[in-house]
Amino acid sequence: MKARLSSKQTLFGVLGLKKISHMASSSVMGQVSTAMQPQVFINFRGSELRRSFIAFLEPAMREANINVFIDELELMGTDLENLLVRIEESKVALAIFSRDYTSSVWCLDELVKIKECKDQRGLKVIPIFYKLEPSVVKYLQGSFGDNFRNLKRNHQHEPLKTQKWEEALTSITETIGMRLPEQSDRSDKEFINSIVEEVKKLLASIPIVEKPPREVKNQSSGLFFVPARRLEITHSENPENWTWSSIYDGQSKADIEVATLIKVYWLHITGNFHTRKLTPGTKYEVVFILNLDDTASGWEEPVTLKLKLEHRGGRQSIQERTLSLDDYIDDGNNWVDIQVGDFEAPPKSAAAKIFFSLHQYVDTDRKDGLVVKGVAIRPKAMDHVTI
């Protein structure tokens, strides 16, 4: 049976980062696992479209390697706030307006959040008018408008809420969207294919972060994070071997680049960090933050992990261990922490430098499917602490 890390040992329990985000180009999109893609949130009337239009749209988007989120992916029993967070995590939102849309409080609350993220965070929004004219939505006409007015009467004690609903409907419909008229020669399948193409174009236009920080510090925990871009990864600038994309960090509301392995035989990743930034006398551990796609291969032979602490004057202490990454291939969409070693931070007057590496030199094994987020240097007591 393959080993697994607990959820508290994943990056979510270590750094408080959220995984979903943001790609650089459509060429990369076909090569990076879906979980690494920027998230696309779909806002729609579930009782009306879930078993029809959405039942075909969602798999079509996944087939195109688009990381799509719909509300049924949220755990049962959670409330609307969870979905609003999912919107914040997303880079693109589809607002699908249909005849019964305005009979749902949740649809309208989500739309308000979508407008907020569009105005304040640069969320890209594509309004979809499904068998409905844009003017019907904008001017609240027909049964669409009647449903809204009924809902507004039922919430007359919340005038600010209903005002935001109306403002969101007006604002989003002013964005260039896509429409499938009630009487159309186009089939749902053709319309869905055109939506998928537009989403792919939009995702390809989203830039990645060009200048990542040398390291990120979590002030409350004393944890430092060295992003993948600051590591030395052999052949990482060759797109035939590695591709770069970025993911959204929900805590800092910024983007962190990750490296995705396409194909190598010789794997070598290394980095360093100065201990003067650490608290003297505190025990720290060094961990690589990795993810292995479920199609990853070539990891039957173990990797070697090495940690070297180099003191002034040349004195060194070295730790080395081997580990089979093959054990983590089926770990779903979780990031896993691969421990390199631990050390005690020396006094600042005798500050040292640490060097850490991960390598596998089996040149008969073609390796792929590895995603590298970076390296965390954290107090040892954080092993089972959720931040």
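Predicted model: local features only at pLDDT ≥ 70, side-chain atom pairs only at ≥ 80, totals over all residues.

Residues are numbered from 1 along each chain as its sequence is written, and side-chain values use heavy atoms, with hydrogens and water left out.

- Strands (E, at least two residues) and helices (H or I, at least four) are DSSP runs, numbered from the N terminus, and two strands pair if DSSP finds at least two bridges between them.
- In general, strands of a sheet pair through backbone hydrogen bonds, either parallel or antiparallel.

- V40 is a handy landmark: it stands opposite V68 in β3 and opposite V92 in β4.
- How many residues of β2 are buried? It's 5 of the 5, so the strand is largely enclosed by the rest of the structure. Here buried means under 20% relative accessible area, exposed means over 50%, and partly exposed is in between (1.4 Å probe, protein chains only).
- Both faces of β2 are covered, with Q39, F41 and N43 buried on one side and V40 and I42 buried on the other.

- Axes are lines fitted to C-alpha atoms, for helices over the stretch in contact, and angles run from 0 to 180 degrees between N-to-C directions.
- The axes of α6 and α9 come within 9 Å and cross at roughly 65°.
- α6 passes α9 in a left-handed crossing, meaning that the near helix is turned anticlockwise from the far one by less than a right angle (clockwise would be right-handed).
- The contact (heavy atoms within 4.5 Å) takes in residues of α6 including V105, L108 and L111, and residues of α9 including W165, A168 and L169.
- By type, the residues of this contact divide into 9 nonpolar, 1 polar and 6 charged. Ala, Val, Leu, Ile, Met, Phe, Trp, Tyr, Cys and Pro count as nonpolar, Asp, Glu, Lys and Arg as charged, and the others, Gly among them, as polar.

**Salt bridges**

- A salt bridge here is a side-chain nitrogen of Lys or Arg within 4 Å of a carboxyl oxygen of Asp or Glu.
- In helix α6, K113 and E116 lie 3 residues apart, about one turn of the helix, and their side chains meet in a salt bridge (3.0 Å, N to O). K113 is buried at 11% relative accessible area, while E116 is partly exposed at 29%.
- A network of salt bridges links E88, K113, E116 and R121.
- E174 and K138 meet through their side chains at 3.9 Å, N to O. E174 lies in the loop between α9 and β6 and K138 in helix α7, so the pair ties together parts that are 36 residues apart in sequence.
- E174 is exposed at 54% relative accessible area, and K138 is partly exposed at 30%.
- D146 forms a salt bridge with R149, with the closest N and O atoms 3.1 Å apart. Both lie in helix α8, 3 residues and about one helical turn apart.

**Two residues with positive phi**

- L140, in the loop between α7 (134-138) and α8 (142-154), has a phi near 50°, a positive value in a residue other than glycine. L140 is buried, at 9% relative accessible area.
- H235, in the loop between β9 (232-233) and β10 (242-249), has a positive phi of about 70°, though it is not a glycine. H235 counts as partly exposed, at 43%.
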